[in-house]
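This report looks at ring contacts and pockets. Please have the structure open while reading.

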Amino acid sequence: MKIIIAPDSFKGSLTAIEAARAMREGIREVDPAIETILMPAADGGEGTMQSLVDATGGRFVDVSVEDPLGRAVMASYGVLGDGKTCVIEIAEASGLTRLHTDELDPIVASSYGTGMLIAHAMDAGYRNFIIGLGGSATNDGGAGLLQALGIQFLDKEGKELPKGGGALQKIASIHMENWDPRIAQCEFTVACDVSNPLVGPNGASAVFGPQKGATEKDIALLDRSLQRFADLIEKETGIALHNKAGAGAAGGAGGAFQAFFNCVMRQGIDVVLEAIEFDRYLDDADLVLTGEGKTDMQTLSGKTPIGIAQAAREKGKPAILISGMIDEESRSEVAPYFTEIHAIVDGGISREDGMEEAFVHLKERTKKVMERVIYQ
């Protein structure tokens, strides 16, 4: 029997590879002869780089870059097992996790550090990129990462703008004379699971600004700034980002990639499954196990377990979900995608205990599930 183990991370408890190892231990306690293939997965958000590197036997490269507030920090990009593909998460250098709650300030936060990662990877010879757009602390329309790669944004007096989304209210011109020519030699696959436009009531500022610390006044300022930015980008490139689907991702960085890079925007889970060659391993597998920290209605919007289940169904393979928690109101909606669904927080195990001892509980729940699968 061959089983593919392809969970997402259990946020706050286990990385995807740790979750996969816990499931493997549970299977081995039932029957050590069962062949297991660990394929930790993700949906394009935070943890995607880790999952892709783990699943392909890749490596990490550490670089000194700027965090969202311009401070020097060490950040990483991943090189996949093929030795050719570089994966960069905007959250790694420019993410919310880089800041304390009282430091959140999308008016001044910049994506400059992400551009530094791209530049370093190009210096190292990489030309094929996967970009994950989840978890940014920025609302600068990707201006920072563009600045790091040579584009200049000037005010009406010809002075270069400071970093941050708020500064874009004064942008008067875009100068591309120093734009890194290597960008034209690169291909970018952008993992993006949101379709929000750049501006307006469904845009980057209004929808995602509050979680980055934006007040109502900040949101209005940031939206006006991105509107002005988009006007000039359209004048420079002919590409109108204002209402373009996905342009509002990662504080507008999705728009920067669409306007200035040779990029394809794709669902995150599709990018990940292709990169780890999931379909190829499915061909001779007998069963697929997946899971995540909490399964709810958001899972249905392209999250990892649903992507795994759909891929398994296309190949006629059974898929079992074992998550930390399952929202009861969502259970009936999620269940049809899987052969079985199970949760750790069930049968007397509390949420707190489930998170604190996640590895042990996930192993034990997997063991019980597999005993029934094999011996019934």
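Which residues do ring pairs link into a cluster? The cluster is made of Phe129, Trp179, Phe188, Phe257, Phe260 and Phe261. The model is predicted.

## Aromatic pairs

Eight aromatic pairs occur in the structure. One of them joins Phe188 and Phe257.

The cut-off for buried is under 20% relative accessible area.

Phe188 also pairs with Phe261. Here the centres lie 4.9 Å apart and the planes are at 80°, so the geometry is edge-to-face. The cut-off for that class is over 60 degrees. Phe261 belongs to the loop between α8 and β10 (263-266), while Phe188 is in strand β9, so the pair ties together parts 73 residues apart in sequence. Both Phe188 and Phe261 are buried.

## Charges over rings

Which residue lies over the face of Tyr112? Lys163 does, at 3.9 Å from the ring centre. Arg280 lies over the face of Tyr281, at 4.6 Å from the ring centre.

## The largest pocket

The largest pocket has a volume of about 1,100 Å³. Its lining counts 41 residues. Closest to the centre are Lys11, Asp43, Gly45, Gln298 and Lys303.

Which helix gives the largest share of this lining? Helix α13 (residues 351-356) does, with three residues. By class, the lining of the largest pocket splits into 15 nonpolar, 15 polar and 11 charged residues.

## The second largest pocket

The second largest pocket holds about 340 Å³ of space. Its lining has 19 residues. Leu80, Asp82, Glu274, Ala275 and Ile276 lie nearest its centre.

Which elements give two or more residues to this lining? They are β2 (35-38), α2 (48-56), β6 (128-132) and α9 (268-275). Of these, α9 gives the most, with three residues. The lining of the second largest pocket comprises 10 nonpolar, five polar and four charged residues.

Methods
Residues numbered from 1 in each chain as written. Predicted model: local features only at pLDDT ≥ 70, side-chain atom pairs only at ≥ 80, totals over all residues. Heavy atoms only, no water. Phe/Tyr/Trp six-rings, centres within 6.5 Å; stacked < 30°, edge-to-face > 60°. Helix = DSSP H or I, 4+ residues; strand = E, 2+ residues; numbered from the N terminus. Buried < 20%, exposed > 50% of the residue type's maximum accessible area, 1.4 Å probe, protein only. Lys NZ or Arg CZ within 6 Å of the ring centre and 35° of its normal. 1 Å grid on protein atoms, 1.4 Å probe; cavity = no way out; pocket = protein on both sides within 12 Å on 5 of 7 lines; lining within 4 Å. Points joined across faces, edges and corners; volume = space filled by probe spheres on them. Nonpolar A, V, L, I, M, F, W, Y, C, P; charged D, E, K, R; others polar.
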